[in-house]
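The sequence and the structure come next.

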Amino acid sequence: MQALAVRDITKSFGPVRALRGVTLTVARGEALAIFGPNGAGKTTLLKIASTLMRPSSGQVLLFGADPSQAPHLRRLIGMVSHHSYLYPGLTGLENLLFTARLYGCSDAEARAEAMLAAVGLAGRGGDLVRTYSRGMTQRLSIARALVHDPQILLLDEPYTGLDRSSAAAFTELLMAMRGSRTIVLTTHSIEQGVALSDRVAILVDGVVAYEAGNGAGDVRTIERVYAECVGVPA
Amino acid sequence: MSALAVVRQLLWKDLLLELRTREILTAMTVFAMLVAVVFNFAFSPSPQDALRLLPGMLWVTLAFASTLGLSRSFVLERDQQCLEALRLFPFDPGLIYAGKLLSNLLALLAVEILLLPALAVIAGVPLLGHIGALAAVLLLGSVGLVAVGTLFSAMSVNTRIREVLLPVLLFPLAAPVLISGVRSTLGILAGRPWADVLPGVRLLVAFDVIFVVVGYLIFEYVVEE
């Protein structure tokens, strides 16, 4: 079954056409990595898929249903954005509790504490987020996206700000979810994207320039295809 | 999750943040007190004039003070795009408006609780005898002010000139609230019959209902990218 489908999506900001007829489907339990240069439309695509932004035309379906007609479907989505979505004046634990409660989690306290431990922040849960480092904030932001146990994870460059050990821990967390969660990930690291995904897509100037299963090639091959699509030497 | 539980959570978050920083309440209270003192020095009202001037002083002070709080209320949602995060939750975005309206209303009511006795002392007008009716009119007027102000605050938060834009948008639309508030307050303090005060109160109720409902319904489109 398709967990997420975007069909012939276009999005314009005035004269700028950010997306031009993007069609992508992601099956339940599948992981899709989207690569593309800055300004290719990756973030716009994730915002449309998450229901944060209406497309100019086209359709988004979550498990076959239109989320604009069924807002409760947003509960299925967990999102990591360029921004942390965290309140600096609340503690890490308060941020997660706030999120878990608004998603209607019956065991909000337990979920919040479990997620703090999962991202290695159990000892700092009582500290205000404004005292966190960039990496810690990103880890908490990831915990925030996962606290309500979403079926679909939309991750917009989630490795930004993570040091090597935090990135490895996050990769481990995602690996543990592979197969049970649907993951759509945008990243500039082809190596990380390929390692985490079942399929890859390359977005250039608002168009899907390439799409294939990981069986279609190793990291070197994808890097070469990416270079061809983007028009820079590999 | 029920709408009430959602609004309670949103309110809890705003109150907790405000309790930690006291940014909004302190600014609004200090500003309101200063304006009240300046008015008193500017007019130096006699006891007869004080009764006539106090309603205007009260409502103009509240209108100015409310813009300070309203302009800040969405700033804490903007810094890390938390407003965007709120829109990801599986509930009607109108509830975000309801939560913000309530937290803004509580801040304004808190200022009023401090301002009213201060004005009574400064202007030398006894208010205790009319406190029930006065509180009702203040509550109705405050709901109207924050109903419009919360909506405009959300609209202006991502602009560079939000501190300028908010009062420019708010005051013309909130004029019926201010005029009715002043007239009703004057009627109450002057001990006029209830029939004289009622038209202003009715207008405040109508304004509140219209703008709370409109704000709730259009908030989704106001904050959409």
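## Two helices of chain A

Helix α2 spans residues 92–102 and α3 residues 108–118 of chain A; their axes cross at roughly 130° and come within 9 Å. Axes are lines fitted to C-alpha atoms, for helices over the stretch in contact, and angles between N-to-C directions run from 0 to 180 degrees. Helices (H or I, at least four residues) and strands (E, at least two) are DSSP runs, numbered from the N terminus.

The residues in this contact include A:Leu93, A:Leu96 and A:Leu97 of α2(A), and A:Ala112, A:Met115 and A:Leu116 of α3(A). Residues are in contact if their C-beta atoms, placed from the backbone, lie within 7 Å. By class, eight of the contact residues of α2(A) and α3(A) are nonpolar, one is polar and three are charged. Ala, Val, Leu, Ile, Met, Phe, Trp, Tyr, Cys and Pro count as nonpolar, Asp, Glu, Lys and Arg as charged, and the others, Gly among them, as polar.

## Basis of the model

The model is predicted: local features need pLDDT of at least 70 and side-chain atom pairs pLDDT 80 or more, while totals for chains, interfaces and linings use all residues. Residues are numbered from 1 along each chain as its sequence is written, and chains are lettered from A and ligands numbered from 1 in the order in which they are written.

## The sheet of chain A

An open antiparallel sheet in chain A has three strands in the order β2-β1-β4. Strands β2 (16–27) and β4 (57–62) of chain A are at the edges with a single partner strand each, so one side of each lacks a neighbour in the sheet. Strands pair if DSSP finds at least two bridges between them; nine bridges join β1 (residues 2–13) of chain A to β2(A). Helix α1 (residues 42–49) of chain A packs on the sheet and touches β1, β2 and β4 of chain A.

## Between the chains

In chain A, 23 residues are in contact with 22 residues of chain B. The largest share of the chain A side, three residues, comes from α2(A).

B:Phe91 lies in the loop between α5 (82–87) and α6 (94–123) of chain B. B:Phe91 is buried, with 23 other C-beta atoms within 10 Å; the cut-off for buried is 20 or more, while 12 or fewer is exposed and in between is partly exposed. Not counting residues up to four places away in sequence, B:Phe91 touches A:Pro71, B:Met1 and B:Val6.

Key: Contact = placed C-beta atoms within 7 Å.
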